[in-house]
Amino acid sequence: CAAVPLSSSSSRPYPCPCPRPHKKHAMHASPAADLSYGIHFGVLGHAASFAAGAATYASPPLTPAQIVSASHLSDDEKEHLLDALDKAESAGLPITLDDATAELREHEYCRKASHLLAAASTDGVVTADEIAAAQFLPDDEREHLAEAQEKRAAQGSALTLDEAHEALEEHREVRRLILALDRDGDGWLSEADLLFPGQHLPGSHFQLPADARQHLLETVRKTAQRAIALDEAHSALEEHREVVTIVRAIESGDGVLTAHNIRMADGVSEDEREHLLETLSGIKASGRELTVELAHQALEEHREVVAIVSQIDAGGDGTISAHNLAAAEVNTAVRQCLGRALEAWAARGAQLSTDEAHRVLEGCRHLWSDDEQLKG
């Protein structure tokens with residue numbers, strides 16, 4: 001079992017893809033190991049009870065009736081398995097006993113982690129300090145919770161324990177999906193991995209939706225090597241799913257987004273709310289509606305530009321300099337677009353702000369969005 005490569009933008013290795021722990025995993029030991037192994041062996045006994053309870057029924061796949069009638073499962077666990085069954089059925093896939101065992105293990109892990117977080121919380125919310133002190137969690141999970149907490153704080157609210165639980169489950173689910181996509185187990189996600197039907201891993205039975213697979217393909221094809229490290233793929237898929245959730249929460253129920261719903265929506269940053277309203281205004285002017293698909297595309301493109309500009313603004317001072325542009329890993333067309341803007345602003349005796357750089361990149365997207373060179 002070899003350690004998975006680091007991406008250029010991350011300080012953490014992606015978890016080892018081997019399915020079972022063995023001696024070579026000693027290098028991955030962390031304070032989280034006791035939590036993981038305790039849950040692993042606890043759920044094995046739980047699964048044995050589930051198997052015994054299901055023995056009087058037909059062989060897998062499991063059915064809702066089997067789950068509902070399983071007296072050894074809590075209501076919370078039944079609800080979790082029924083949700084997983086719904087996801088699997090929507091993809092035309094069954095849930096087997098192995099799938100149920102994997103789902104219970106993941107759910108129990110996140111439940112226990114949430115309880116440990118709750119022990120440090122006095123008001124039902126999770127703070128940045130409490131997340132930083134949660135040494136029972138691996139680094140990537142603490143980082144994910146910290147990002148979730150920062151997003152909630154930027155919206156003027158707090159991260160609740162229930163939201164922390166959901167964030168952990170989502171993060172670990174994405175990790176399982178990415179590992180399932182890495183067909184050859186080399187620690188990189190390539191075009192071949194994405195074009196090949198995903199293998200089946202317990203707990204990842206609901207395969208990657210077509211839109212998410214397409215998003216990852218587009219991300220991979222924008223790199224010179226036509227492959228990205230697994231942690232980069234994880235970040236890309238997590239962000240895609242977050243945008244899907246945001247847009248679905250805003251849409252009015254008939255597949256379109258209205259100005260009223262955009263203004264009243266929770267969980268949307270003011271920057272993205274403004275971008276959606278501007279997008280809606282432009283589309284309305286042409287006599288069309290802002291559909292879920294168009295809104296999703298608008299948000300993903302907006303976030304892509306934000307990420308590029310943030311990468312170039314290395315000092316975080318809100319301006320773009322020729323030095324920072326030269327040092328940034330951006331494609332040739334982005335470098336040319338912003339280079340021309342820098343010259344124009346310099347001729348006026350002014351600096352190019354990040355807001356203006358954002359507008360420039362939005363205006364010349366057709367020049368750089370299909371440029372697959374990683375560096376200029």
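The side chains of E191 and R221 meet in a salt bridge, with N and O 2.7 Å apart. A salt bridge here is a side-chain nitrogen of Lys or Arg within 4 Å of a carboxyl oxygen of Asp or Glu. E191 lies in helix 8 (residues 191-195) and R221 in helix 9 (residues 210-221), so the pair ties together parts that are 30 residues apart in sequence. R221 is partly exposed, with a relative accessible area of 27%. Buried means under 20% relative accessible area, exposed means over 50%, and partly exposed lies in between (1.4 Å probe, protein chains only). Helices are DSSP runs of H or I with at least four residues, numbered from the N terminus.

The structure is a predicted model: local features need pLDDT of at least 70, side-chain atom pairs count only at pLDDT 80 or more, and totals for chains, interfaces and linings use all residues. Residues are numbered from 1 along each chain as its sequence is written, and side-chain values use heavy atoms, leaving out hydrogens and water.

A search of the whole structure finds 24 salt bridges. Side chains of opposite charge can pair when their charged atoms come close. One of the pairs is E163 with R152, whose closest N and O atoms are 3.4 Å apart. E163 belongs to helix 7 (residues 161-181) and R152 to helix 6 (residues 139-154), 11 residues apart. Both are partly exposed: E163 has a relative accessible area of 25%, and R152 has 24%.

Another salt bridge joins R303 and E239, at 4.0 Å from N to O. R303 lies in helix 13 (residues 292-312) and E239 in helix 10 (residues 230-250), so this pair ties together parts that are 64 residues apart in sequence. R303 counts as buried, at 12% relative accessibility. E239 is partly exposed, at 35%. Salt bridges that share partners also build one network, made of E103, E106, D140, E141, R172, R175 and R176.

E103 has a further partner. A polar contact of 2.9 Å joins its side chain to that of H80. A polar contact is a pair of N or O atoms within 3.5 Å; within protein, one must be able to donate a hydrogen and the other to accept it, and residues adjacent in sequence count only if both atoms are side-chain atoms. H80 lies in helix 3 (residues 75-90). H80 counts as buried, at 15% relative accessibility. Leaving out residues up to four places away in sequence, H80 touches E103, H107 and E169. Contact means heavy atoms within 4.5 Å.

Attention now turns to the nonpolar side chains. In soluble globular proteins, such side chains tend to be buried together. A nonpolar core is a set of buried Ala, Val, Leu, Ile, Met, Phe, Trp, Tyr and Cys residues joined through side-chain atoms within 4.5 Å. The largest core has 20 residues, and I312, V334, L338, L361 and W368 touch the most other members. Helix 13, helix 15 (332-347) and helix 16 (354-363) each give two or more residues to this core. Helix 15 gives the most, with six. L338 is in contact with I312, L325, L352, A357, V360 and L361, its neighbours within four places in sequence left aside. A second, separate core of 17 residues includes L177, I178, L230 and A236.

Helix 13 has 21 residues and reaches 31 Å from first C-alpha to last, close to the expected 30 Å. The expected span is 1.5 Å times one less than the number of residues. Buried residues in helix 13 include A295, L299, R303, I308 and I312.
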